[in-house]
Amino acid sequence: MARKAPAVAGLLASWALAGCGVSDTRPEAAGAPAGGGRAVGAAGWVRAYFVAPNGTWPVSRAASAGAGPQTALDELLAGPTRNERNRGLVTALPAGTHRVRAAAAGPGVVDLYLPWLVAELDGMAVNQLVCTAAAAPGIPGGRRPVDVVVRVYESGESEAWSVRCDETGTTIPVEAPQKAR
């Protein structure tokens with residue numbers, strides 16, 4: 001019986017290897033790549049960033065065709081839905097009715113007009129605003145949200161400061177261009 005065990009194991013291994021479905025022929029075309037996944041900023045959806053226990057968290061919301069940065073900001077200002085609140089999402093934006101204006105300003109650029117000074121806002125609120133604007137649909141240039149520059153105009157200020165939303169949902173400054181020497 002002890003001699004049969006190695007023979008049976010060898011036979012089973014050869015059957016398993018022979019039946020794995022990999023032929024010894026050259027590669028064959030298998031057709032077009034898989035498709036159909038929804039991309040960030042795809043028509044019909046906006047992404048709004050809310051606050052979770054570990055930072056900002058994006059949620060997708062249905063939007064009409066042609067939605068842009070203003071639609072995304074309006075969804076953010078509407079606050080989390082009951083279902084989103086039940087999942088632990090909240091907003092750090094000040095309570096009340098506030099009008100934040102946002103518009104695509106060129107390839108990969110969004111202008112964001114705030115009714116507050118940034119110093120009056122919690123850091124998470126700034127992250128929410130900037131990341132929602134950067135991920136909005138309708139921004140020319142086809143850039144990823146982390147590559148979109150958001151120019152923030154504070155209440156009463158005429159000069160903007162330029163920032164981006166990084167991969168973690170955090171606002172980071174855009175580095176000033178190097179001067180020629």
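Q: Which residues is Arg61 in contact with, leaving aside its neighbours within four places in sequence?
A: This is a predicted model: local features need pLDDT of at least 70, side-chain atom pairs count only at pLDDT 80 or more, and totals for chains, interfaces and linings use all residues. Numbering runs from 1 along each chain as its sequence is written, and side-chain values use heavy atoms, without hydrogens or water. Contact means heavy atoms within 4.5 Å. With those sequence neighbours set aside, the partners of Arg61 are Gly44, Trp45, Val46, Phe50, Glu75, Ala78, Gly79, Pro80, Thr81 and Glu84.

Q: Is Arg61 buried or exposed?
A: Arg61 lies in strand E2, residues 55-62 (strands are DSSP E runs of at least two residues, helices H or I runs of at least four, numbered from the N terminus). Buried means under 20% relative accessible area, exposed over 50%, partly exposed in between, with a 1.4 Å probe and protein chains only. Arg61 has 9% relative accessibility, so it counts as buried.

Q: What is the length of the polar contact joining the side chains of Glu75 and Arg61?
A: A polar contact pairs N or O atoms within 3.5 Å; within protein, one must be able to donate a hydrogen and the other to accept it, and residues adjacent in sequence count only if both atoms are side-chain atoms. Glu75 lies in helix H2. Its side chain joins that of Arg61 at 2.9 Å.

Q: How far is the backbone oxygen of Gly79 from a polar atom of the Arg61 side chain?
A: Gly79 is among the contacts of Arg61. The distance from its backbone oxygen to that side-chain polar atom is 2.8 Å.
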